[in-house]
Amino acid sequence: MTTGIVSLGLHLPGAPVGNDSVAEASGADPAWIQDRIGMHARHHAAPRQTATELAVAAAESALTGAAVTPDLIVVATVTPDRPVPATACFVQERLGLAGVPAFDVNAACSGFIYALSCAHGMTLAAHARTPLVIGADTFTHVVDPTDRRTAPLFGDGAGAVQLGPVPAGYGILAVELWAEGSQAMYATVPREGWFAMDGRSVSGVVMDMGPKILQAALDRAGARLDQLDRVIVHQANPRLVRRLAEHVGLGEDQVPAYGSVTGNTASASVPVALAMADRERPFRRGDLVALVAVGAGMTAGAAVLRWY
C-alpha cells in the first residue's frame with residue numbers, strides 16, 4: 001500500500017464579492033480588473049473570521065466523504081489565528097480529534113504542497129497512516145483594501161485533503177520542493193503594515209520555476225508531461241495560469257483555472273482548485289495529476305499523483 005488522496009473538501013466564506021465592490025474601495029476600474037487579471041469574483045472572510053474557522057469547514061467537508069479518521073493534521077497557512085499556538089491545534093480541538101499530532105507549515109502559496117510533502121513523509125516513516133492536510137488563509141485581512149494593485153487579486157478560503165492507504169502504483173508518486181531566500185522581499189507582509197508585492201519579479205519566478213519544478217517532480221515520478229491528465233496550478237490569477245499552461249504546452253482542459261471566481265487564496269489555492277476540478281469533472285481511477293505552486297519566499301513545490 002502507498003498513500004493517496006481519499007477525499008477532498010473546500011470552503012469559501014460568504015457571498016462572492018464582485019469587481020464593483022473591490023473597485024469602490026481600491027479605486028480600480030472594474031473593467032480593468034476583469035481584462036487585466038481575469039477575475040470577476042472572490043470571497044472575503046468576515047473581519048473576525050479566522051483561518052481556523054475556514055479550515056474546520058473544509059476539513060468537515062473532506063471528512064464527510066472519507067472512510068478513515070485522521071491520525072495527523074497539517075495546516076498550511078500564512079494567516080494563523082495567532083503566532084502561538086499553531087492553527088492546526090485549534091483545528092484539532094474543533095474536530096474533536098484529541099491527542100492527534102497537529103502542526104502548521106508556512107510556505108505562502110506553495111504551503112499546501114509543502115504540507116502534503118510533510119504528511120507524506122510521515123507516512124513513509126510510519127509516524128502516520130491517514131493524515132489530514134489543509135490549506136487555509138484569510139489573506140484579505142493583510143491586504144490593503146485601498147491598494148488597486150493587490151486588493152482585486154486576493155480572496156479567502158480553505159481546502160482539505162484526507163490521505164489514506166491506496167494500492168501500490170497509485171497515490172503520491174513524487175514531491176519536489178524549492179526555495180530561494182534571496183528573493184524573499186518580492187512578496188512580503190511586514191511586521192507592521194500591509195502585504196506588498198513586486199508583481200513583475202513574482203511573475204518572472206513563476207514562469208521560470210513553475211515549469212522547472214513540475215519537470216523535476218515528473219522526473220522523480222518517472223512520468224512525462226504528455227501523460228498528465230490534469231495539472232492543478234496555484235491560482236495566482238487566471239491570466240498567469242493561462243500563460244504558464246501555454247508556456248509548457250498544456251491545454252485549457254488540462255490546466256483548469258478557477259481564480260476568476262475565487263481570487264488568489266494563498267495557501268488554500270491548490271487544494272481549493274483541486275476540489276473544484278473534481279466537482280467540475282471528477283477524477284477517474286488511474287488519472288495522472290500534478291499539483292504546482294510558486295509562492296512568496298520565494299518558494300515552489302510540485303507533486304505528481306496517480307488517482308485512486
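Select Val75 to start: Val75 stands opposite Ile134 in strand 6. This is a predicted model, in which local features need pLDDT of at least 70 and side-chain atom pairs count only at pLDDT 80 or more, while totals for chains, interfaces and linings use all residues. Residues are numbered from 1 along each chain as its sequence is written, and side-chain values use heavy atoms, with hydrogens and water left out. Helices (H or I, at least four residues) and strands (E, at least two) are DSSP runs, numbered from the N terminus.

**Strand 4.** Select residues 72–76. Five of the five residues of this strand are buried, so strand 4 is largely enclosed by the rest of the structure; buried means under 20% relative accessible area, exposed over 50% and partly exposed in between, with a 1.4 Å probe and protein chains only. Leu72, Val74 and Ala76 lie on one side, Ile73 and Val75 on the other, and both faces are covered.

**Its neighbours.** Two strands count as paired if DSSP finds at least two bridges between them.

Show the open sheet of five strands, whose order is 1-7-6-4-5 with mixed pairing. Strand 1 (2–11) and strand 5 are at the edges with a single partner strand each, so one side of each has no neighbour in the sheet. On average, neighbouring strands are turned by 20° against each other, direction ignored.

**Helices on the sheet.** Select residues 51–64: helix 3 packs on the sheet and touches strand 1, strand 6 and strand 7 (157–166). Contact means heavy atoms within 4.5 Å. The direction of helix 3 makes about 120° with that of strand 1; axes are lines fitted to C-alpha atoms, for helices over the stretch in contact, and angles run from 0 to 180 degrees between N-to-C directions. Next select residues 111–124, helix 5, which touches strand 1, strand 4, strand 5, strand 6 and strand 7. Its direction makes about 165° with that of strand 6.

**A helix pair.** Finish with helix 6 (residues 199–221) and helix 7 (residues 238–248), which pack at an angle of about 40° with their axes 10 Å apart. The contact includes Ser203 and Met207 of helix 6 and Leu240 and His247 of helix 7.
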